[in-house]
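Reader: I'm new to this one. Could you show me how to read a few of its features?

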Amino acid sequence: MKILSIQSSVAYGHVGNSAAVFPLQRLGHEVWPVLTVHFSNHTGYGAWRGPLLAPADVAEVIAGIADRGVLGDADAILSGYQGDPAMGAVILDAVALVKTANPDAVYCCDPVMGDVGRGMFVRPGIPEYLRDVVVPRADIVTPNQFELEFLAGRPTNSVDELLAAVDVVRATGPRHVLVTSVLHGDVPAGSLEVVAVSDEGAWAVTTPLLPISPNGGGDVTAALYLAHLRTTGSPATALERTTASIFAVLEATLAAGTREIQLIAAQQAIADPPARFPARRLR
């Protein structure tokens, strides 16, 4: 595939495009990375340097790609953290341009806004903007459980409640929803689930819960799920391959004792995901 990925970038470590581009390339896909920031490192360190690019500058980069006459070649658009509605508008304009040129292209949005234990960590107004403007325009969304509850406006304390919340989000537009970091009351102790839902059904994969939560894992997850879903056409297969690769990355990160996800060390499990965690059908 050819993927237009509009995300942040860091020189040191792996978040945003610095987390998504290499795994996609390792799977054999062409990626056109458009940067929204270029920081020294991810903001989880509490200190960083580098520019936050103006939305107009980002729009200029996309316009330059359009000048090459290749936007119609893009099979997908991928976006992650959106720190400003103006940047979100640039991304949605790019989505419209690509889909006009190629109606079969899909938009995958990772609606980054918060997490359990941290609450919302984006600027006021961004969660509502994502919910009301961006998510309805997406074909695929990849919220964590906390973000799903906000998008749906309801709790997810069981598998039935989780699926009901997903249905609320899907009714707004996106046909595919991948829910990460699922820890409702029906999940076994010491485990974590990832759930994929589409028109074809719903599936879950259960993995051991590792004592680690590094930055960038969600960015890799969204990229891998988009890639595997588009190449296989199967949400269940995409779910299995994505969770296998992510678990291998997290295992390598835990073993290395680092704050940065070990994409390079675990690259073989990205390129050739092991058959490790079977998906079970929920409905």
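This is a predicted model: local features need pLDDT of at least 70, side-chain atom pairs count only at pLDDT 80 or more; totals for chains, interfaces and linings use all residues.

Reader: Which backbone atom lies 3.0 Å from a polar atom of the Asn 144 side chain?

Author: That's the backbone oxygen of Gly 114. The backbone nitrogen of Phe 146 also lies 3.1 Å from a polar atom of the Asn 144 side chain.

Reader: Is Asn 144 buried or exposed?

Author: Buried means under 20% relative accessible area, exposed over 50%, and partly exposed in between (1.4 Å probe, protein chains only). Asn 144 has 9% relative accessibility, so it counts as buried.

Reader: Which residues of helix 6 are buried?

Author: Helices are DSSP runs of H or I with at least four residues, strands are E runs of at least two, and both are numbered from the N terminus. In helix 6, the buried ones are Leu 162, Leu 163, Ala 165, Val 166, Val 169 and Arg 170. Seen down the axis of helix 6, they fall within an arc of 160 degrees (taken from the directions from the helix axis to the C-beta atoms), so they line one face of the helix.

Reader: How do I read a salt bridge?

Author: Side chains of opposite charge can pair when their charged atoms come close. The cut-off is a side-chain nitrogen of Lys or Arg within 4 Å of a carboxyl oxygen of Asp or Glu. This structure holds eight salt bridges. In one of them, Arg 170 pairs with Asp 199, with the closest N and O atoms 2.3 Å apart. That pair links distant parts of the chain: Arg 170 sits in helix 6 and Asp 199 in the loop between strand 9 and strand 10, 29 residues apart. Arg 170 is buried, at 8% relative accessible area, whereas Asp 199 is exposed, at 53%.

Reader: Which residues are linked with Arg 170 in a network of salt bridges?

Author: Arg 175 and Asp 199 are linked with Arg 170 in that network.

Terms used. Residues are numbered from 1 along each chain as its sequence is written. Side-chain values use heavy atoms; hydrogens and water are left out. A polar contact is a pair of N or O atoms within 3.5 Å; within protein, one must be able to donate a hydrogen and the other to accept it, and residues adjacent in sequence count only if both atoms are side-chain atoms.
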